[in-house]
Amino acid sequence: MYDKTRGIVLHTIPYNDSLSVVHIYTERYGRMAYTLPRGAGRAAKMARALYMPMSLLELEVETRQGRSLQRIREAHTWIPLPYMQSDPIRASLAMFISEFLSSVLRNNEPQPELFAYIARSIHLLDRINNGLGNFHLCFLIGLTAYMGITPNTDGYRQGTYFDMQEGIFVPEQPLFNTSLQPNEATFMIKLLRMNFANLHLYRFSRDERNVILDRIITYYSIHLSGMGQLSSPAVLHALFD
């Protein structure tokens, strides 16, 4: 039996000589893995283009309980992303978001609000011109709400530390928990005030932006067990003067 759902492509990996596996975060089923034919023909090349990381698709899929690899009957573009495919900066951001989501989205249960947030964000990535250098930071801090790990800002005062383990601002440096010094805690506060409507108003140097990215990835790794080592942040470190 085939059903329809929307999906966000996470990544594709080789499976054997004739098949690849594409991991897709779907609106109806959560994260799923589907088989795709491999080959050098025209149809295979078109399929590879369709399943680029972060592509937004309309899918007709077969879903059988207990089977780890499912089948796609039909796939079409849901929302075109022309600039993301042609602009290397947007493509680099999409690659990072794809790798990050592949690491943190491991639940097969559907989460429609999370799906909508990611889809809206990717559509916006294709369209915005101002504040592009802050996009990935804004996306990550917004994602914390859907992952249930939003930091609590109630205790913030100038000079406070950010306790990464507890997700709170404290007046003294914790003895055992990982924490941010007051200057880096200020970056966290700025990040928590950022959204897609105002991200162009925030100015960071490349070094500051790289520190913020590294710290928020550390924050996620503390709260979400099993996060693997990410390779794409190294690419972003070289961007955005």
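This is a predicted model: local features need pLDDT of at least 70, side-chain atom pairs count only at pLDDT 80 or more; totals for chains, interfaces and linings use all residues.
Colleague: Why are Glu58 and Arg6 called a salt bridge?

Modeller: The term needs a side-chain nitrogen of Lys or Arg within 4 Å of a carboxyl oxygen of Asp or Glu. For Glu58 and Arg6, the closest N and O atoms are 3.5 Å apart, so the pair meets the definition. Side chains of opposite charge can pair when their charged atoms come close. The structure holds 7 salt bridges.

Colleague: Which parts does the pair of Glu58 and Arg6 tie together?

Modeller: Glu58 lies in strand β4 and Arg6 in strand β1, so the pair joins parts 52 residues apart in sequence. Helices (H or I, at least four residues) and strands (E, at least two) are DSSP runs, numbered from the N terminus.

Colleague: Is Glu62 buried or exposed, and how do you know?

Modeller: Buried means under 20% relative accessible area, exposed over 50%, partly exposed in between (1.4 Å probe, protein chains only). Glu62 has 5% relative accessibility, so Glu62 counts as buried. Its salt-bridge partner Arg67 (3.1 Å, N to O) has a relative accessible area of 25%, so Arg67 is partly exposed. Glu62, Arg64, Arg67 and Arg71 are linked in a network of salt bridges.

Colleague: What makes Glu184 and Arg215 a link between distant parts of the chain?

Modeller: Their side chains meet in a salt bridge at 2.9 Å, N to O. Glu184 is in helix α6 and Arg215 in helix α7, 31 residues apart. Glu184 has 17% relative accessibility, so Glu184 counts as buried. Arg215 has 28%, so Arg215 is partly exposed.

Colleague: How do you know that β4 and β5 pair?

Modeller: Two strands pair if DSSP finds at least two bridges between them. Strand β4 (residues 56-62) and strand β5 (residues 70-79) are joined by 7 bridges and run antiparallel. Leu57 stands opposite Thr77 in β5, and Glu62 stands opposite Arg71.

Colleague: What about β3 and β5?

Modeller: There are 2 bridges between β3 and β5, which run parallel. The definition asks for at least two, so they pair. Thr35 stands opposite Arg71 in β5.

Colleague: In what order do the strands close into a barrel?

Modeller: The 5 strands follow the order β1-β2-β3-β5-β4, with mixed pairing. The twist averages 50 degrees from one strand to the next. Axes are lines fitted to C-alpha atoms, for helices over the stretch in contact, and angles run from 0 to 180 degrees between N-to-C directions.

Colleague: What does helix α3 touch?

Modeller: Helix α3 (residues 88-104) packs on the sheet, touching β1 (2-14) and β3 (30-37). Its direction makes about 105 degrees with that of β1. Contact means heavy atoms within 4.5 Å.

Colleague: What makes a set of residues a nonpolar core?

Modeller: The set holds buried Ala, Val, Leu, Ile, Met, Phe, Trp, Tyr and Cys residues joined through side-chain atoms within 4.5 Å. The largest has 59 residues, of which Phe100, Leu101, Ile118 and Tyr220 touch the most other members. A second, separate core of 13 residues includes Met32, Tyr34, Leu36 and Leu59.

Notes
Residues are numbered from 1 along each chain as its sequence is written. Side-chain values use heavy atoms; hydrogens and water are left out.
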